[in-house]
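Dear colleague,

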Amino acid sequence: MVSEKNVSKHVCVIGAGPAGLVAGRELRREGHSVVVIEQHHDIGGQWLYDPNVEDEDPLGRNPVLKVHSSMYVSMRVMSPREIMGFTDFPFLMKQDRDMRRFPGHREIFLYLCDFCEWFGLRDMIRFNTRVEYVGMLDYAEFGKDLKWVVRSKEKKSEKMVEEVFDAVVVASGHYSQPKLPTIKGMDAWKRKQMHSHIYRVPEPFRNEVVVVVGNSYSGQDISMELVEVAKEVYLCSKSLDITEGLSKVISKHKNLHLSPQIDSLHEDGRVLFVDGSWVIADTIIYSTGYKYSFPFLDTKGTVIVEDGRVGPLYEHTFPPSLAPSLSFVGIPKKILGFPFFESQAKWVAQLLSGKRTLPSFDDMMQSIKEFYHSLDVAGIPEQNTHDIANFEYCDRYGDHVGFPHIEEWRKELCVSALVNSYANLETYRDIYDDHELLQVAYQSPHFTQLGDQPFSL
Ligand SMILES: Cc1cc2nc3c(=O)[nH]c(=O)nc-3n(C[C@H](O)[C@H](O)[C@H](O)COP(=O)(O)OP(=O)(O)OC[C@H]3O[C@@H](n4cnc5c(N)ncnc54)[C@H](O)[C@@H]3O)c2cc1C
């Protein structure tokens, strides 16, 4: 439902990554007063590369991490740049920058800097300030106007500031807190064990025998660059049924081996696999993904954060009993991130202004119940609760707030890159045959709206 109302709220956004930036912009556009609190010295979130990982626990077992970004030096995006941009700010190629279609992480950082500059966002961001606590001023009562206490600490002065906000948008990301497997002997294994969260370059692993656990994007990327320097690389995969692309890579590199899961680790350095084979390894790199973690958030048990599920959340965004004054932007995975965050941010902003309303508490809870049930029926584990991988869902989500549906060319470019990566893992970022689709994209309003050419500024 849309109304003419326009109430202005005092809103705190936690994090100045892509989700927090677009949330800040949408909230301000809607007339709210906004403070974005960011623990680092700059914007970008994951895209603000951080080489200083020495002080981090190698397995990232602390609830509050020292390092946020998990980007490694060679990291390049896995989908083409054309589909990444916010709907009103295309990700253009610029002279003297990384003009590749699948650029490195710095180019995404620079795109986000351009976004900030274009929309004048920096003045609402409080840098070098970490949110330490977020809690309700009073106990929640559905329908009652909530207030939130936010305590944050400035890095240099270590001064804690306490403020009260009408609403809090959590946009603190979820690719930092390592998710680790439980393996027999893990604590007793005396050699190097680390999570890919702190992997940066292959050089430290020269001439080593390295076991990489986890055959996801990062696990594959890291293994592919380690083979150039390491003596042997064992890539452990849950399933030995792998893509054509990965099999091509394995057959090309004699020192890259596909292994089953680890059974146990032994004090003499042995890594025993579940099929009975073993190797003596120097290092184990766990590329086993990340878990949701909001160490600052106290909702008195209303929002339960498990490794792979944050809930109950209506449409992955609002805890029904605290909505819309508490919201999460950026929880979903397997989506076209930036535009999806934008649609979430618009919805949050318009709910807070009173322009739109949410369904009743009971209806939201019922919807969540039905959603969880549908996951159970489909055999989808809890840890994949927020994996969307569905363009129709994104379009339906956008309908809540009149957000444009994903353009056909975006969908097709996305699928085409995915298919290419399955077949040609090593080369898909440089060799592609989607030129016709690309022309359609370049001629679309998304690329022509700012009056620039998509490939030369
Ligand atoms: C290795 C790797 C590869 C990836 N590749 C891709 C890709 O190819 N394409 C893609 O679209 N996505 C990719 N991603 C996902 C990427 O994380 C998202 O694109 C995007 O960065 C998520 O944005 P966000 O704003 O939700 O979170 P983040 O980018 O993580 O930003 C969160 C921000 O919140 C701040 N913050 C956290 N806690 C606090 C606190 N307590 N107080 C103050 N500030 C806080 C952080 O410092 C950070 O700036 C990749 C991620 C990783 C790790």
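The domain assignment of the protein gives two entries, domain 1 (10-177 + 290-408) and domain 2 (192-286); such bounds come from an automatic or database domain assignment. The model is a predicted one, in which local features need pLDDT of at least 70 and side-chain atom pairs count only at pLDDT 80 or more, while totals for chains, interfaces and linings use all residues. Residues are numbered from 1 along each chain as its sequence is written.

Between the C-alpha centres of domain 1 and domain 2 there are 32 Å. Their contact takes 14 residues from domain 1 and 13 residues from domain 2, two residues being in contact if their C-beta atoms, placed from the backbone, lie within 7 Å.

As to overall dimensions, the C-alpha atoms fill a box of roughly 65 × 50 × 50 Å along the principal axes. The radius of gyration is 23 Å, which agrees with the value near 23 Å for a compact globule of 457 residues; this radius is taken over C-alpha atoms, and the globule rule is 2.2 Å times the number of residues to the power 0.38. Of contacts with a separation of 6 or more, 66% join residues 24 or more positions apart.

Of the 457 residues, 40% count as buried (20 or more other C-beta atoms within 10 Å of the residue's own, with C-beta atoms placed from the backbone; exposed means 12 or fewer, and partly exposed lies in between). Beyond its neighbours within four places in sequence, Ala-23 is in contact with residues including Val-13, Val-169 and Ala-345.

The protein has 10 helices and 19 strands, which are DSSP runs numbered from the N terminus (helices: H or I, at least four residues; strands: E, at least two). Strands β1 (residues 10-14) and β2 (residues 33-37) run parallel and are joined by 5 bridges; pairing requires at least two bridges found by DSSP. Cys-12 has Val-35 in β2 as its bridge partner. β2 also pairs in the parallel sense with strand β3 (residues 125-126), over 2 bridges, where Val-36 stands opposite Ile-125.
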